[in-house]
Amino acid sequence: MFLIAGFFSGMLGGMGMGGGTILIPALTIILGVEQHVAQATNLIAFLPMALFTLKVHKENGLLKTKGLLWIVIPAIVTSVLSGFLASLLPSDVLKKLFGAFLVALALKLLTEAKPIFSK
């Protein structure tokens, strides 16, 4: 089951959707992993994919580095602080926050979706 969850989350991550939308619920709901562990596992699994994606974009000339530090430094600081905050929160709170995030993401995707069939 762990391999299946990893496979499908990797496929979604490779398509740009974010593997955590599959991996975290699969780990917590199906496999009974604690929310903290599932979210930490997702973050660790994300790192190799992010590095691979950066490499591919750089090789294809799609990586723009001008002004990058203005994005990277705040992102790193925010990630570290959020990680510490998440470690202090109970699992039930993290589950509810993650659920709210997934609902908000779904709503955003629905509002931006283009019709499949046009007249």
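**Close-up of the residue after helix H2.** Gly-32, which follows H2, has a positive phi, near 70°; helices are DSSP runs of H or I with at least four residues, numbered from the N terminus. Within H2, the residues Gly-20, Leu-23, Ile-24, Ala-26, Leu-27 and Thr-28 are buried, that is, under 20% relative accessible area with a 1.4 Å probe and protein chains only, where exposed means over 50% and partly exposed in between. The model is predicted, so that local features need pLDDT of at least 70 and side-chain atom pairs count only at pLDDT 80 or more, while totals for chains, interfaces and linings use all residues. Residues are numbered from 1 along each chain as its sequence is written, and side-chain values use heavy atoms, without hydrogens and water.

**Close-up of the largest pocket.** The space in the largest pocket comes to about 1,800 Å³, a pocket being an open set of points on a 1 Å grid over the protein atoms alone, where a 1.4 Å probe fits, with protein on both sides within 12 Å along at least five of seven lines; lining residues have an atom within 4 Å of a point. Of its 45 lining residues, Asn-42, Leu-43, Phe-46, Leu-47 and Ser-79 lie nearest the centre, and H3 contributes the most to the lining, with 13 residues. The lining comprises 27 nonpolar, 18 polar and no charged residues.

**Close-up of an aromatic pair.** Two aromatic pairs are counted when ring centres of Phe, Tyr or Trp (its six-membered ring) must lie within 6.5 Å, with planes under 30 degrees apart called stacked, over 60 edge-to-face and the rest tilted. Phe-7 and Phe-8 form an edge-to-face pair because their ring centres are 5.3 Å apart and their planes at 75°.

How values were computed: Points joined across faces, edges and corners; volume = space filled by probe spheres on them. Helix = DSSP H or I, 4+ residues; strand = E, 2+ residues; numbered from the N terminus. Nonpolar A, V, L, I, M, F, W, Y, C, P; charged D, E, K, R; others polar.
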